[in-house]
Amino acid sequence: MFSVQSQMHQFTQAPEKMAWPDMINERGEHARLQGGPVTTFDTVELAFELSPVAMLLVNSNGKICLTNRELDKLFGYDDGALIGRVIETLIPEGMREEHVVLRDAFAVLPAKRRMGVDRVINGLTATKTVLPIELGLEPVCLEDEAMVIVTALDLRARMAGKARIGAILDAASCAMLVVNGEGRIEFVNRAVTELLGYTPQELLGETVEMLVPPHLHSAHQVYRRSFASLADQRAMAPGRTVCGWHRDGYEVPVEGSLNQIEVDGARSVVVTLVDLSERIATEKLMAERARELERLNSDLEQFNRCVSHDLKAPLSSIAGLLSLCREDLVDGSFDDLDSTLTRAQAIAERSIGDIEELLRVALTAERGIQSAQVEVAALVTQLWEDLGGRPEELTLTLAHRVPFDTEVATFRSILRNLLSNALRYRDPSKPALQVEVSARQDNTFVDFLVTDNGLGIPEDFLPEVFGLFKRLGDQGGSGIGLNLVQRNVERLGGEITVTSVLGEGATFKVRLPVVREQET
Amino acid sequence: MMQAYIVDDREVDRYTARRRLSKCGRFSAVHEAEDGRAFLEKLFKDVYPVGEKGPLVLMDISMPYMDGFETVDALRARMIKLGWPDNVVVVMVSSSSAANDKARAADMPLVQGYFEKPIRSDDVDQMLRLMDGCPLPG
């Protein structure tokens, strides 16, 4: 190849340097190059025969004057069969007319075209198959006639290689792109489209910042240039978690690695992107699960403490009382017998209610409860009666909107516990227990308040009041009630708060969100 | 004669303990407190006749505000600071049979015993032996 080029150089030095019109005389005929080497057709023919590259010689009318064996073979013609035919013979039909125009323009203002710029042109073989080739054009003046030496390079192998590499890279699960020295995208594989939404056509030739979140564009340009300036051509940036920018305008967490490569003297950077969104989502899910497990464990631990204390304690108390009764019987001392047995019975009855409540805590978490219309006044009155409260102790001031829809069982459990607490923590020093249940509503919330004139809650116990198995004093109960209330209120999307003055009473406020559908 | 304190938030358990202690006839006074704070307040207010052993403290574990262990720690801190009373005997009385509660009690210098509820007459005998083994305050 090299030797042929140097031979050919004999005919070609001049046209590169000199403007073509100088070589045309007044009669419009091509003039022999002044001072140029004298080339004959025979010399060209010899050079053609020696060249391993496909070559042909074409005159300004587009007629093929000479071909070598390589070219005939490349296009599938017998030796010399193309001589005398127009150059368009070797061009696919659809492009022929356009080519004639281009060829005429070239004849007026010829320019040398070098190979190696990857400009793929389609040729047409004798069997009418399309042949990808790259062309070199060399204007020469041969025996007073302006001609062009055309060299053709078969690109089939190179293109097949490229296609093969492309297919391999497309099969890779991670997104890959090749960015040239100017930061423009030269290649993308199929995974890029899946990851960032862009098709290869949208990306090829664009700057790589297109795939970077907008607020990082300037910074990325600086990084890119400093990376390109690294002396080591194999410089590589290890995987880092960065953000890609999706075509639809959102950030995608990716692990990006950079590898600098050098091909044919030009440096490019191969960028590999691994989608982290799934990994990050999984990590987040795992962390959530771990927290959930921790919470469950802590609940379980509290549950165990509850079983060992709050449920076992009443049985121990009963056992203690019964042993005293037996001893009293044996001693024949009956004075305390009735009161001791009454105490034991009361504890046993209270324990039944506590166990039911505990089971409800365990079960409400699992089953869904249907929403239905609730008659709050009727519900509160009934609960109060069931709990053993006197009608004159209860006042209702309900100003919420009706109908009121909620999970009936959950709502009933909330009210039952609050009312039961009001009864349990009554202040014996006051002449009468007073409990008021009130409701008020705006567009966002409906508040239910349960106010009593009972013992009240000491200020330092207020923060703990909703803790599982927290129980104040000896008014019975398992210490589950208010924790259950809080869980149930949260289940309905609301929140519960308490205010209290010790000795004066307590107010529990249950704030539930107003469901939009109810208003329409 | 000695004095005793029953520290328990459950009234019924204070009742049982009080009757048990009364039966043995060794206590001149049995005080009750429904939580640790009330107990500490009472203990440091009360006056002890010179030459009397004790007092004996029956301490529940699970109570609001301060649990039994926290109460014993606070008691010890005050005893060290004030120098008296120097002969308090604390026994834990709990419905918990958990090994970690027992181990924690055993680690406390002031705590001399651990009894599971309900306390029986044998338990009271054992508490009295503990008291008898103690030197007179001096």
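1. A residue counts as exposed when its relative accessible area is over 50%, and as buried when that value is under 20%, with partly exposed in between. Please keep in mind that this is a predicted model. With that cut-off in hand, let's start with Lys128(A). Its relative accessible area is 55%, so Lys128(A) counts as exposed. Lys128(A) also has a positive phi of about 65 degrees, although it is not a glycine. You will find Lys128(A) in the loop between β3 (121–124) and β4 (130–142) of chain A.

2. Glu143(A) is another non-glycine residue worth a look, with a positive phi of about 45 degrees. Glu143(A) sits in the loop between β4 and β5 (145–154) of chain A. Is Glu143(A) exposed or partly exposed? Its relative accessibility is 48%, so Glu143(A) counts as partly exposed.

3. Next, the cis peptide bonds. In chain A, the bond from Val402(A) to Pro403(A) is cis, with omega near 0 degrees. Pro403(A) belongs to the loop between β12 (394–398) and β13 (404–407) of chain A. In chain B, the bond from Lys117(B) to Pro118(B) is cis, with omega near -5 degrees. Pro118(B) lies in the loop between β5 (111–116) and α5 (121–132) of chain B.

4. Lys117(B) is in the loop between β5 and α5 of chain B, while Asp60(B) is in the loop between β3 (56–59) and α3 (68–82) of chain B, so the pair ties together parts that are 57 residues apart in sequence. Both Lys117(B) and Asp60(B) are buried. The two also take part in a network of salt bridges that links Asp8(B), Arg10(B), Asp13(B), Asp60(B) and Lys117(B).

5. How many salt bridges are there over all chains? The count comes to 25. One of them joins Arg247(A) and Glu202(A), at 2.6 Å from N to O. This pair links distant parts of the chain, 45 residues apart: Arg247(A) is in the loop between β8 (236–245) and β9 (251–263) of chain A, and Glu202(A) is in helix α7 (residues 200–203) of chain A. Arg247(A) is partly exposed at 44% relative accessibility, and Glu202(A) is partly exposed at 27%.

6. Another salt bridge in chain A is formed by the side chains of Asp154(A) and Arg156(A), at 2.9 Å from N to O. Asp154(A) has 32% relative accessibility and counts as partly exposed. Arg156(A), at 43%, counts as partly exposed as well.

7. Finally, have a look at helix α11 (residues 376–386) of chain A. Which residues of α11 are buried? They are Val376(A), Leu379(A), Val380(A), Leu383(A) and Trp384(A). These residues cover an arc of only 130 degrees around the axis, so they lie on the same side of α11(A). An α-helix has 3.6 residues a turn, so residues three or four places apart point the same way. On the other side of α11(A), Glu385(A) and Asp386(A) are exposed.

8. What do the buried residues of α11(A) pack against? Their partners in chain A are the strands β11 (371–374), β12, β13, β14 (435–441) and β15 (445–452), together with helix α12 (408–424). After α11(A) comes Gly388(A), with a positive phi near 90 degrees.

Note on methods
Residues are numbered from 1 along each chain as its sequence is written. Chains are lettered from A and ligands numbered from 1 in the order in which they are written. This is a predicted model: local features need pLDDT of at least 70, side-chain atom pairs count only at pLDDT 80 or more; totals for chains, interfaces and linings use all residues. Side-chain values use heavy atoms; hydrogens and water are left out. Helices (H or I, at least four residues) and strands (E, at least two) are DSSP runs, numbered from the N terminus. Buried means under 20% relative accessible area, exposed over 50%, partly exposed in between (1.4 Å probe, protein chains only). A salt bridge is a side-chain nitrogen of Lys or Arg within 4 Å of a carboxyl oxygen of Asp or Glu. The arc is that of the directions from the helix axis to the C-beta atoms. Contact means heavy atoms within 4.5 Å.
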